[in-house]
Every structure is written in structure tokens, then in C-alpha cells.
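This note is written for a colleague who is meeting the structure for the first time. Please read the points below alongside the sequence and the coordinates.

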Amino acid sequence: MRSSESLTLDQLVDTARYPLSELASARGRAVVSRARRDLSASGCTVLPDFVRPSLRDVLRQECSAIAPRAHHDVETVNVYNIAVDSALPEDHPGRRTFERGNAFVARDRIPAGSLISRLYSDPAFRHFIALCFELPELHELADPLSGLVLNVVAPGMEHPWHFDTNEFTVSMLTQQAQDGGVFEYCPNIRTAQDENFDDVRDVVDGRGERLTRRLPLQPGDLQLFKGRYSLHRVSPVRGEVARHSAIFAYSERPGVIGSVERTRQLFGRVLPEHLAAEGRAVRGDRLLD
């Protein structure tokens, strides 16, 4: 396996298509403009072959090597990630439950020299992401576990319908499932003012085909997504090969650390930093989650 540690950012990223160091150029402005249009229209954009195709095997092998470090757990959840025994009306979509097979490799178990780690910490990459989301700047999470993670969806498991707590998500498929494991989403199915329970109920009850899009992804594709307002899932993985994806978590403000409860769910442990930061989180809207 060719190591990525000795490669420069320009060698990792296809800078002919994505000129990270020349974003003020005509090519750079065109890439950012297209991403912004997609995100405005459907809450999602894909930058194909962001990592050079010649490095797909490196990307896959590096992430496959650390996948056994994932914390595995199976939870009963709903689309809002709130307690499944919450007092809700009989026809509320939050009463529909699913089994989610959590498996995440925490940041402190991802080698600093790996391709995904180098991308996550690169200032030019972070600046590019901020421009695409039309944000003044982004910061790495101060959280020692959840800033960068590898998500592992094993055969027989899925990541069922849900909304994200964060308004934006940055991810990269690193290994395709043998079968299944398709990213599906319902663009802008709710807003900060309207939960739109009727359409959400149709989707979780299997009547939402008219609202659902399916996104073909290849390893090395970069996906930018507004998951707070778009219901989404990874469909059940079938066959013998797990689905792996890197999740790059950033924040508009510095110093962000995850909650004790959520961190323990994802990683099976918490660190002193989580205990010290508990209770500081501030919500920007009144949505369920």
C-alpha cells in the first residue's frame, strides 16, 4: 500500500478540478458557485473524484485498517434522536422506531498521517468548505473524539432515517458496500419554522417515494450536505463488505465539544474535556432535533 504521509495536498486532491489554493481564480469561483447553487436548491452537492482516483486504494486501505477500532452499538431510535418513550401524539412520526447500528472510529484512533486526517486539518480545505456553505470561517471541533470520525455500517445494518443536529455535514465515502448502503435524502422536508410532520410521517411509513432522492457515490467523492432540514438515511447494507465513510465535523465557532450523553452513545466513553464542557451547548432553533 502506497502511504499518503509523504504526499502534498495538491497530490491528494485533484487540484485541476478543485484548485484549493486558487479559489479566487475563475476555476475556483466556478467550483464554489456550483456547490452553492446545489446546496441552495436541494441541500446537497457532490464533488466527484475530489481525492485523486489513483489514491482510491490508499483511501480504502487506510480506513479499512482502522475500521476494527470502531465502537459498535445497536440502538432503538427515531428520526429526531429523542427518547423513544417521549410523550407524543399517536400519529406523530417520532413514534416510529428503527434499529441503528452505530459504529464509529473516534478521532483519537485515526492516525494523524492518514489521508482523511490530513484533509480534515488542512486550512485550505477548511476554507474551501466554508466558502461552499457561504460561511465566514469554520473551525475544527475542540472535541478530541468527534471532530473527525470514520463511520462503519456493517452488513445487515443501516443508518435509518434521521435529521442531523448540525446544519451542515461534510463526508467522504471511503469504501462502498457490496450491495445496498445507498445514501437517500428528502431535500428541505422541514424548515426552522415548520416540522412538516405529515411528509416526514409518509417517509418513515414507506410512502415517501415522491419526496426521496438517491445519491450514487464513489470512494473519494466529497459530499456537502445540509442535514438539519433534510431527512436522510443510509439504506441497509447487504453482502459481505461494510460501508465506510469519513465524517469531517466543523463548527462556526471555536471550542465546540459534544455532550456527555451523545459522546458516550457514539464512542462508548467520554473524556475529561466532555465532562468539563457539559451544559454549555446553545441551540439555534426550536426543532425537536
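Predicted model: local features only at pLDDT ≥ 70, side-chain atom pairs only at ≥ 80, totals over all residues.

The numbered points that follow take up a sheet, a helix, a serine in a loop and the aromatic rings.

1. An open sheet is built from 4 strands in the order 6-12-9-10, and its pairing is antiparallel. The edges are formed by strand 6 and strand 10 (residues 213-215), each of which pairs on one side only. From one strand to the next, the twist averages 15°. In general, the strands of a sheet pair through backbone hydrogen bonds, in either a parallel or an antiparallel manner.

2. Pairing within the sheet. Strand 6 is joined to strand 12 by 2 bridges in the antiparallel sense, and His159 has Val234 of strand 12 as its bridge partner. Strand 9 and strand 12 are antiparallel and share 4 bridges; here Tyr185 stands opposite His232 of strand 12. On the pairing of strand 9 with strand 10, there are 3 bridges, again antiparallel, and Phe183 faces Leu215 of strand 10.

3. The two sides of strand 9. Which residues of strand 9 point one way, and which the other? Phe183 and Tyr185 point one way, while Glu184 and Cys186 point the other way; all are buried. As a general rule, side chains in a regular strand alternate between the two faces of the sheet.

4. Helix 6. Helix 6 spans residues 197-204, and its buried residues are Val200, Arg201, Asp202, Val203 and Val204. These buried residues pack against strand 3 (98-105), strand 6, strand 9 (183-186) and strand 12 (231-234). After the helix comes Gly206, with a positive phi near 85°.

5. Ser230. This residue is located in the loop between strand 11 (222-225) and strand 12. Is Ser230 buried or exposed? Ser230 counts as buried because its relative accessibility is 0%. Its side chain reaches the backbone nitrogen of Asn188 at 2.8 Å. Beyond its neighbours within four places in sequence, Ser230 is in contact with several residues, including Ser42, His162, Phe163, Cys186, Pro187 and Phe225.

6. A charge over a ring. Phe163, one of the contacts of Ser230, has Arg190 lying over its face, at 3.7 Å from the ring centre.

7. Tyr120 and Tyr250. The model holds 12 aromatic pairs. One of them is the stacked pair of Tyr120 and Tyr250, with 4.8 Å from centre to centre and 20° between the planes. Tyr120 belongs to helix 4 (residues 115-121) and Tyr250 to strand 15 (residues 250-251), so that distant parts of the chain, 130 residues apart, are linked by this pair. Both tyrosines, Tyr120 and Tyr250, are buried.

8. Phe133 and Phe168. The ring centres of Phe133 and Phe168 lie 4.9 Å apart with the planes at 40°, and the pair is therefore tilted. This pair, too, links distant parts of the chain, 35 residues apart: Phe133 is in the loop between helix 5 (123-132) and strand 4 (139-140), and Phe168 in the loop between strand 6 (159-162) and strand 7 (169-175). Phe133 and Phe168 are each buried.

9. An aromatic cluster. Which residues do ring pairs link into a cluster? The members are Tyr18, Phe50, Tyr120, Phe125, Phe128, Phe248 and Tyr250.

Conventions: Residues numbered from 1 in each chain as written. Heavy atoms only, no water. Phe/Tyr/Trp six-rings, centres within 6.5 Å; stacked < 30°, edge-to-face > 60°. Buried < 20%, exposed > 50% of the residue type's maximum accessible area, 1.4 Å probe, protein only. Lys NZ or Arg CZ within 6 Å of the ring centre and 35° of its normal. Contact = heavy atoms within 4.5 Å. Polar contact = N/O pair within 3.5 Å; in protein donor to acceptor, adjacent residues only side chain to side chain. Pairing = 2+ DSSP bridges. Axes fitted to C-alpha atoms, helices over the stretch in contact; angles between N-to-C directions.
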